[in-house]
Amino acid sequence: FFFSSRRRHTRSLCDWSSDVCSSDLYLRACDNLEKREIQKALEADRKANQILIKAIQIFIEILIKANQISTEARKKARLRVLWASAILFASLIGSIFLWIFVDQQIKNRELQERLSLGEKTLFQSNTEVNQKGGVKAFADKDFKNAVQYFKKSRKLNPNDPEALIYLNNAIINAKINAKIGDSQAYKIVASVPIGRKPNIAQEILRGVAQAQDKINNHQGEINGKLLKVEIANDDNDPDIAQQLADKFVKDSDIVAVVGHNASNASIPAAKIYDQNKLVMISPTSYANELSGTGKYIFIFRTITRINILAETLAKYAIKKNINTMLFCLDSRSIDNKSYRSEYEKAFSHNGGKLIDNFKCDVSDPNLNPDTIINQAIDKGADGVMLAAYIESLEQAVKIAEARSEEHTSETPVTQ
């Protein structure tokens, strides 16, 4: 009974379900259910999109803020770099100026060591006791005792030009201290190669010392003024000569410069003197570039012009039947090059000829004097012209001495 009743009930339920599912009511119910599901899905998508958009907005805001922070940081970093660069640049400029200042001070001290009015001896080989006493007293501005020391030194070594110059300078300063007369003096500088050629330097200074002593003690001064001489050691170095020239033209007390010895030093210094209207008189420079060409106004020299010297010696050679010559020179010297040019013109003009296909350079340390003489004879030379620079005088003398007794031709030598 139970089972049969259950079967009838099940069958009835199935029949009802079939009827319901096939009815319009079911369809509408199904449609509504589907719409609600779609709406729920759409709502979910919408919320998801809103969340995603919100997340993107937040991310963008974070990026903007981060960029702002980064930009600010970069600005601050850039500012720090600029300040650091400015400080570094200022330090660099300051260091450069400091270096220039220190370097200039060192150069000034070095130059000052090359100058003396009497406060130090520039000839280091001079160890005479009274000379030492004189320069010490002069440096201490005790000019009265300096005069006495230099006088004693002069008696022991009357041929010392440095002592005589310092003596006259000390006398002038002593008069200034004692306020004797108007105590005025002209000041000149004698620039000579003391370090490299002390003998030549002394020869030039002897003439300067003699002139100063004559003016101050015998001739009766210059326009009522005495003459003070400052000695300078330029070593015949072009760079040092220019540095000294720069210093001299800035000293308004200096009215003239006697120097320099070698043309290699005189020519570069002459430009500075002439531009600043300071008179320079060279006692020994031969180079044509120095004066006599109208190039300079305030530059002079006391020796014979090189073309006159060349003409005189060329005529002498021809007179002695020396018609073919080997010309030896020092290639380092501007004087020698000028002289060779002038001599070749004068010698050719008088009928002579120089050997061109053989080089004789007395500055060559490997030059063999005997070889020079023998090759000169082989090439038909009647004589040799030696135009030596002051640095190569010994080598030139060796060539002159290399002539054997059988080589009896004249060998004029010019310096």
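How many bridges join strand 2 to strand 4, and do these strands run parallel or antiparallel?

1. The model is a predicted one. In it, strand 2 (residues 185-192) and strand 4 (residues 254-258) run parallel and are joined by four bridges. Within this pair, Ala190 stands opposite Val258 of strand 4.

2. Helix 5 packs on the sheet, where it touches strand 1, strand 2 and strand 3 (226-233). The direction of helix 5 makes about 130° with that of strand 3.

3. Helix 6 (residues 198-219) also packs on the sheet, and its contacts are with strand 2, strand 3 and strand 4. Its direction makes about 165° with that of strand 3.

4. The sheet as a whole is open and has six strands, in the order 1-3-2-4-5-6, with mixed pairing. Strand 1 (115-116) and strand 6 (299-301) are at the edges; each has a single partner strand, so one side of each has no neighbour in the sheet.

5. Two packed helices are described by the angle between their axes and by the distance between those axes. For helix 3 (residues 129-139) and helix 5 (residues 161-178), the angle is about 35° and the axes are 11 Å apart. The crossing of these two helices is left-handed.

6. On the helix 3 side of this contact are Gln131, Val135 and Phe138. They meet Glu162, Ala163, Tyr166, Asn169, Ala170 and Asn173 of helix 5. Sorted by class, the contact has five nonpolar, three polar and one charged residues.

Terms used. Residues numbered from 1 in each chain as written. Predicted model: local features only at pLDDT ≥ 70, side-chain atom pairs only at ≥ 80, totals over all residues. Heavy atoms only, no water. Axes fitted to C-alpha atoms, helices over the stretch in contact; angles between N-to-C directions. Left-handed = near helix turned anticlockwise from the far one by under 90°. Contact = heavy atoms within 4.5 Å. Nonpolar A, V, L, I, M, F, W, Y, C, P; charged D, E, K, R; others polar. Pairing = 2+ DSSP bridges.
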